[in-house]
Amino acid sequence: LVQPHRGFGTHPHRDMEIITYIVSGKLTHKDSMGTEETLGRGSIQFMTAGTGIRHSEHNLGDEPLRFIQTWIRPVSFGLTPNYGSCGGSAEL
């Protein structure tokens, strides 16, 4: 649970696959590849940390944010960092 107007400042990751599912609220992501977006309920994001990435995650809204995040150690190391997302539906 991330309270309104709180979050996780810029921090590094390396050689990790990170998948996030937004249960409720809005998650704002910003990273060292220049990606910046806000995702809402039902959205999924993935990040390949690979050779290294820095990112932040915040709840800039007025409602609490709930998300489920899974970290997976990849079979191969030193991959090219990557980010992607799929928008959800508020009607889920």
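Modeller: Start with Asp-15, which is buried, with a relative accessible area of 16%. Keep in mind that this is a predicted model.

Biologist: Why is Asp-15 called buried?

Modeller: Buried means under 20% relative accessible area. Asp-15 has 16%, so the label applies. This residue is found in the loop between β1 and β2.

Biologist: What makes the phi of Asp-15 worth a remark?

Modeller: Phi of Asp-15 is near 45°, a positive value in a residue other than glycine. Most residues other than glycine have a negative phi. His-5 also has a positive phi, about 60°, and is not a glycine.

Biologist: Why is His-5 called exposed?

Modeller: Exposed means over 50% relative accessible area. His-5 has 53%, so it counts as exposed. Its place is in the segment before β1 (6–13).

Biologist: Why is Thr-28 called buried?

Modeller: The cut-off is under 20%. Thr-28 has 10% relative accessibility, so it counts as buried. Its place is in strand β3 (residues 27–31).

Biologist: How do you know that the side chains of Thr-28 and Thr-38 make a polar contact?

Modeller: The distance is 2.8 Å. A polar contact needs a pair of N or O atoms within 3.5 Å, and one must be able to donate a hydrogen and the other to accept it. The pair of side chains, Thr-28 and Thr-38, is listed as such a contact.

Biologist: Which residues form the largest nonpolar core?

Modeller: It has 11 residues, including Val-2, Ile-18, Leu-27, Ile-53 and Tyr-83. Leu-27 is in contact with Ile-22, Leu-39 and Leu-65, among others beyond four places in sequence.

Biologist: What is the strand order of the open sheet?

Modeller: The order is β7-β2-β5-β8, and the pairing is antiparallel. β7 (66–72) and β8 (82–86) stand at the edges because each has a single partner strand. One side of each is therefore left without a neighbour in the sheet. The twist averages 15° from one strand to the next.

Biologist: How do you know that β2 and β7 pair?

Modeller: Pairing takes at least two bridges. Seven bridges join β2 (residues 17–24) to β7. Ser-24 stands opposite Arg-66 in β7.

Methods:
Residues numbered from 1 in each chain as written. Predicted model: local features only at pLDDT ≥ 70, side-chain atom pairs only at ≥ 80, totals over all residues. Heavy atoms only, no water. Core = buried A, V, L, I, M, F, W, Y, C linked by side-chain atoms within 4.5 Å. Buried < 20%, exposed > 50% of the residue type's maximum accessible area, 1.4 Å probe, protein only. Contact = heavy atoms within 4.5 Å. Helix = DSSP H or I, 4+ residues; strand = E, 2+ residues; numbered from the N terminus. Axes fitted to C-alpha atoms, helices over the stretch in contact; angles between N-to-C directions.
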